[in-house]
Amino acid sequence: MESLSLFDKLWKKHVIDEVIDGPSLIYIDKHLINEVTSAQAFDGLRAAGRKPWRTGSIIATADHNVPTVARAAGIVDPVSRSQVDTLSQNCATHEITYFDLADLRQGILHVVAPEQGMTLPGMTIVCGDSHTSTHGAFAALAFGIGTSEVEQVLASQTLFMPKPRSIRICIEGACNRGVTAKDLALAVIGRIGTAGGTGSVIEFTGAAVRALSMEGRMTLCNMAIEAGARAGMIGVDETTLGYLKGRPGSPTSAAWTEAEAYWRTLVSDTSARFDQELTLDAAAVRPLVTWGTSPEMVVSIDELVPDPACELDPVRREGMARALTYMGLAPNTPIKAIMLDTIFIGSCTNSRLEDLRAAAAIVRGRHIASTIQRALVVPGSGLVKRQAEAEGLDRVFIAAGFEWRDAGCSMCLGMNDDRLRAGERCASTSNRNFEGRQGPGGRTHLVSPQMAAAAAIAGHFTDPM
């Protein structure tokens, strides 16, 4: 009997037509759409006289452009308002499930779909957003697509793509106190670089991965794209099943029993082969902070900002120097000496209830430093926000000097009013620290929720524990 990896099992099940040395045609089970990448695709359908092929496969919500305060006043920016209104109109026209701003279930797509049980093991899942890799935590083949591909999936429920390579990253051992899934993700990216996974699907395995909650696994798979991978995946186990049971979109009764039996097969076979394998020791990972303008530019909280003069490769040396200039940092500066202006806890990487609980535990009974100009907490969905408020987390954050916001992508990418100003330095739980990502001239350091919370209290980076 053929020994297959988890990726191979899903690929084999969904390939409609495979072309040697060319793109294959694969079937797509679930299509997530937002206001940013769907409008042009729907325009293309109308121009061609077509309609979406299977509207029941689609879930939509606005997340990138939505305001996180004063929603009753509507969306002020005309471009953002037009994009959200267009999504609403397209969904109404085609009877597509849409969680609008008045719906408690509204939020970031990569938070909403899992909590609604619409992300299920064995699925192929696409979205016009690169961080669709998040859903791979459920043993799904999930990846971002471009606008023209959004139109293709809407029209045909299929997609042309070459078969990716496969990489297995085994994270063994146990995490030390204060080390999170975000730190594991940054450790992987720091090890293999932002191009290390190019053209590949990464499967995460090992004791440290199995010990993660589903929220942690989603964080890890979310960041796979930052290692250059097309997708990240984790096999099904009891943690997966425990999260899914009872979700609104999950099967029930006999259908659950049947689904569970299949889902339990969604792990790599013992003798499965991968194009590349890598092992990391979780015990060697410390809380991490990015210092530059790429997620691979990362060091531990105990280290110094690297010196480009010590880099032998001239291309890397030039890139490091350019990043330090943009970030306004000097070589050999202790990470703990970097002062901050802004704190952002949110994004599809770290805005789930577990993330908010962890941050609140650190700031409880304390107050942000006087040097911090803004500190935002933005839940990933209305349901996350409601549960956090039921637990009193909102009161903890507000008492500590944080702003408690409505759900949305917020300052992760600065497409709404939540932006960094030029020169502002931010400890951010988001996924990208590119130049201008959170606002033109803004300086972003990627960290875990615990690190962001501790930095807010200290006014600079510090060990959260």
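Visitor: Why is R105 called partly exposed?

Guide: Its relative accessible area is 34%. Partly exposed runs between the buried cut-off, under 20%, and the exposed one, over 50%. So R105 counts as partly exposed, at 34%. Bear in mind that this is a predicted model.

Visitor: What makes D103 and R105 a salt bridge?

Guide: Their closest N and O atoms are 2.8 Å apart. The rule asks for a side-chain nitrogen of Lys or Arg within 4 Å of a carboxyl oxygen of Asp or Glu. The pair therefore qualifies. In general, side chains of opposite charge can pair when their charged atoms come close.

Visitor: How many salt bridges does this rule give?

Guide: The count comes to 22. Among them is the pair E260 and R264, at 2.7 Å from N to O. R264 has 40% relative accessibility, so R264 is partly exposed.

Visitor: What makes the R286 and D463 pair a salt bridge, and which parts does it tie together?

Guide: The closest N and O atoms of R286 and D463 are 2.8 Å apart, and the cut-off is 4 Å. R286 sits in the loop between β12 (276–281) and β13 (288–290). D463 sits in the segment after α15 (449–458). The bridge therefore ties together parts that are 177 residues apart in sequence.

Visitor: Are these two partners buried or partly exposed?

Guide: R286 has a relative accessible area of 28%, so R286 is partly exposed. D463 is partly exposed too, at 24% relative accessibility. Salt bridges with shared partners join R286, D302, K336 and D463 into one network.

Visitor: How do you know that K30 has no salt bridge?

Guide: The nearest side chain of opposite charge is D29, 9.0 Å away. A salt bridge needs a nitrogen and an oxygen within 4 Å. K30 therefore has none, although K30 is buried.

Visitor: Where does K30 lie, and which residues does K30 contact?

Guide: K30 lies in strand β3 (residues 30–33). Leaving aside neighbours within four places in sequence, K30 contacts G56, S57, I59, M118, M123, T124, I125 and V126.

Visitor: Why is S370 called exposed, while S213 is called partly exposed?

Guide: S370 has 78% relative accessibility, and exposed means over 50%. So S370 is exposed. S370 lies in the loop between α12 (353–363) and β16 (374–377). S213 has a relative accessible area of 23%, so S213 is partly exposed. S213 lies in the loop between α7 (207–210) and α8 (214–222).

Visitor: Which residues does S213 contact?

Guide: Leaving aside neighbours within four places in sequence, S213 is in contact with T239 and E354.

Visitor: Why is A207 called partly exposed, and what does A207 touch?

Guide: A207 lies in helix α7. Its relative accessible area is 26%, so A207 is partly exposed. A207 touches I171, E172 and G173, not counting residues up to four places away in sequence.

Visitor: What is the volume of the largest pocket, and which residues are closest to its centre?

Guide: The largest pocket has a volume of about 340 Å³. Of the 18 residues lining it, W291, E296, M297, R316 and M320 are closest to the centre. The elements that give two or more residues to this lining are α6 (181–192), β14 (298–300) and α11 (314–327). α11 gives the most, with 7 residues. By class, the lining of the largest pocket has 9 nonpolar, 4 polar and 5 charged residues.

Definitions and conventions
Residues are numbered from 1 along each chain as its sequence is written. This is a predicted model: local features need pLDDT of at least 70, side-chain atom pairs count only at pLDDT 80 or more; totals for chains, interfaces and linings use all residues. Side-chain values use heavy atoms; hydrogens and water are left out. On a 1 Å grid over the protein atoms alone, a cavity is a set of points where a 1.4 Å probe fits but cannot get out, and a pocket is an open set with protein on both sides within 12 Å along at least five of seven lines; lining residues have an atom within 4 Å of a point. Grid points are joined across faces, edges and corners, and a volume is the space filled by probe spheres set on the points. Helices (H or I, at least four residues) and strands (E, at least two) are DSSP runs, numbered from the N terminus. Ala, Val, Leu, Ile, Met, Phe, Trp, Tyr, Cys and Pro count as nonpolar, Asp, Glu, Lys and Arg as charged, and the others, Gly among them, as polar. Buried means under 20% relative accessible area, exposed over 50%, partly exposed in between (1.4 Å probe, protein chains only). Contact means heavy atoms within 4.5 Å. Lys and Arg count as positive and Asp and Glu as negative; His and the chain ends are not counted.
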